[in-house]
Amino acid sequence: MLIEPDDNIHRYCALQALREPDACRDDVLVKFVRLASRVLGIPGSFISVLDDSDQYIRAAHNFGLKQTTREESLCRHVVDGAAEMVIPDTWLDGRFAAHHFVTGAPFIRFYAGVPLRNREGVITGTLCVTDSEPHPFSAEQLATLKMLGNLAMSFLDAWHAAGFIDAVTGLPNRQRLIRDLHQLTDSPHRLILLECIELPRASELARSMGMGPVEALFKDVATLLQQRLRPAPDERLYSVANGRFALLTYPESALTADRAVGRMAGISAGLSEGLSISLTPHGGQVDFITGGISPEERLRRAASALYEALSRGVPAMTYSESADVQHTRDFTLMHDFAAALCSEGGLYLVYQPKICLRSGAPVGLEALIRWRHPQYGELSPVTFVPLAEKTELLHKMTTWVIERAIMRLVRLRNHPIQLPITVNVSLNDFARDDFADVLDEKMQQHGLPPSLLGIECLETERIVENPQAMSGLARLRQRGFGISLDDFGTGYSNISYLGRMPLDVVKLDRSLVSNLATERASRVIARSIIRMLKDLDYVVLAEGVEDAETGRILSEYGSDQAQGYFYARPMDDNALDAWLLWKLHETCR
């Protein structure tokens with residue numbers, strides 16, 4: 001019989017769920033077989049499950065077999081024929097007269113069995129009654145046996161669907177995986193997690209098309225996994241989350257995370273009629289011996305390997321304890337960072353002055369966040385800002401920085417050391433519809449002109465490609481906030497940004513500046529870029545200036561401003577106030 005892919009999946013799931021022992025389920029099945037014996041007056045009865053190679057006796061009454069091969073099972077005739085079978089006397093049936101279960105234990109002389117067919121129409125096993133003596137079996141008795149079989153199967157369907165089957169794909173779910181991990185013997189195993197479509201992408205599809213097409217996509221992926229991976233009977237496939245699947249196998253198996261991803265690469269899954277999307281599979285695996293760690297921890301370690309593959313942009317990764325420790329530390333840091341954003345004392349701002357190259361006077365400040373962690377001490381922004389960029393904490397951090405910068409501007413209102421402050425802002429903030437309005441309102445509430453707060457663009461390339469972010473930039477500039485382009489000169493596409501972004505200041509990256517005093521090629525390039533930027537009427541700011549000669553060359557080439565350790569390191573509020581007062585005193589002398 002030709003089995004379609006969906007039938008394969010349903011048969012695989014049904015058999016996998018039933019052939020494993022389950023005390024609560026099997027206790028109910030024992031009551032069914034006892035009832036069958038009592039009602040039909042036949043002493044022996046059992047419920048069996050048959051896969052491609054074996055028969056498993058799930059519940060029995062007065063019947064001693066626990067497991068047999070499929071080939072020697074009498075029940076296989078019921079399953080293969082998809083119909084009931086009654087043998088009043090096996091000694092008189094040429095198929096079974098010499099069968100060793102007839103001539104030897106359990107000495108089956110009478111047999112009657114009906115197929116157990118689940119709600120998908122898949123036959124998973126049989127309900128049978130047997131005796132060591134021959135019996136007649138009436139049509140009424142057979143009808144009763146069929147009814148009892150249907151009741152038993154209804155219970156199994158309900159038990160199976162209630163907690164162990166993913167409703168969309170028909171595969172065993174996460175709860176079943178955890179249960180199976182609990183029941184493993186003390187031997188080596190391998191757990192592979194596969195993500196065939198990125199969850200943010202699936203969420204976007206659900207938002208635009210509804211859940212129906214997305215569920216069809218997940219179902220198609222499950223079918224493709226079954227076809228491409230072709231797991232062996234003792235290798236189990238699960239659906240553990242939307243678009244995420246697990247394979248439980250053995251270390252000696254040919255299926256590794258890398259090979260599984262390779263088999264799924266370059267294929268598409270159906271989203272709706274006539275529409276499909278290409279899959280971008282990633283995998284993570286962990287090899288383990290049962291005992292010592294919980295099933296939940298094994299699954300977490302496989303997920304850690306998957307996240308590592310996703311973050312590195314590679315097809316698959318094997319669990320690494322060192323990488324996991326780093327991830328755990330990163331998670332702890334972000335938890336602590338979220339708490340620090342809501343409290344006082346850990347986070348603080350430092351400000352690096354911007355110097356006018358013509359007068360030598362400070363003309364502005366760049367606000368930079370710092371973190372004095374209670375356990376790890378002073379942390380560099382490169383330790384925590386990239387982590388925050390992957391979460392909603394980035395927006396909260398931007399808000400925190402802006403509010404502290406405004407507090408400084410308010411404190412020094414009308415003071416001779418008051419200077420404009422520039423803050424770094426990411427794409428997600430620019431893309432918020434109300435970002436410019438909220439920022440403008442904050443400045444107005446404190447009676448501050450927008451010109452005192454500058455906005456420095458991070459993730460420039462992504463901003464240019466995002467219409468909402470570009471619109472947000474334009475709104476900021478319309479309200480009077482100065483816009484700076486950070487890190488100009490670090491990529492070949494920078495020049496194209498100049499005609500597309502509403503900019504006031506272009507900041508030369510330190511890579512253009514660091515070798516000016518020693519390399520002729522660097523001077524030629526810097527001079528050409530500065531001249532071009534001045535012809536376009538931008539204010540040019542050079543960062544990373546660490547010696548007087550570099551500052552002199554920049555001034556000669558026409559750069560307007562500079563910042564770097566040669567002029568001043570980043571300083572906290574108190575140190576900056578003292579430094580600015582000293583600079584003011586120097587200027588007045």
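**Working chat**

Modeller: Let's start with T550, which is buried, with a relative accessible area of 2%. Keep in mind that this is a predicted model.

Colleague: Okay. Where is T550 found?

Modeller: T550 sits in helix α21, which covers residues 548-557.

Colleague: And which residues is T550 in contact with?

Modeller: Setting aside neighbours within four places in sequence, T550 is in contact with V513, L516, A517 and V545.

Colleague: Let's jump to S48. Buried or exposed?

Modeller: S48 counts as buried, because its relative accessibility is 1% and the cut-off for buried is under 20%. S48 lies in strand β1, residues 44-50.

Colleague: What does S48 touch?

Modeller: Not counting residues up to four places away in sequence, S48 touches Q55, Y56, I57, R58, C75, T124, G125 and T126.

Colleague: What separates the C-alpha atoms of S48 and W371?

Modeller: Those C-alpha atoms are separated by 64 Å, and S48 and W371 are 323 residues apart along the chain.

Colleague: Which α8 residues are buried?

Modeller: The buried ones in α8 are P213, V214, L217, F218, V221, A222, T223, L224, L225, Q226 and L229.

Colleague: What comes just after α8?

Modeller: R230 does, and R230 takes a positive phi of about 45 degrees.

Colleague: How do α6 and α10 cross?

Modeller: The axes of α6 (residues 174-182) and α10 (residues 295-312) come within 9 Å and cross at roughly 120 degrees. The crossing of α6 past α10 is right-handed.

Colleague: Which residues make the contact?

Modeller: From α6, R174, L177, I178, L181 and H182 take part, and from α10, P295, E296, R298 and L299. Sorted by class, the contact of α6 with α10 has five nonpolar, one polar and three charged residues.

Colleague: Why does C356 count as buried?

Modeller: C356 has 14% relative accessibility, and buried means under 20%, so C356 counts as buried.

Notes:
Residues are numbered from 1 along each chain as its sequence is written. This is a predicted model: local features need pLDDT of at least 70, side-chain atom pairs count only at pLDDT 80 or more; totals for chains, interfaces and linings use all residues. Side-chain values use heavy atoms; hydrogens and water are left out. Buried means under 20% relative accessible area, exposed over 50%, partly exposed in between (1.4 Å probe, protein chains only). Helices (H or I, at least four residues) and strands (E, at least two) are DSSP runs, numbered from the N terminus. Axes are lines fitted to C-alpha atoms, for helices over the stretch in contact, and angles run from 0 to 180 degrees between N-to-C directions. A crossing is left-handed if the near helix is turned anticlockwise from the far one by less than a right angle, and right-handed if clockwise. Contact means heavy atoms within 4.5 Å. Ala, Val, Leu, Ile, Met, Phe, Trp, Tyr, Cys and Pro count as nonpolar, Asp, Glu, Lys and Arg as charged, and the others, Gly among them, as polar.
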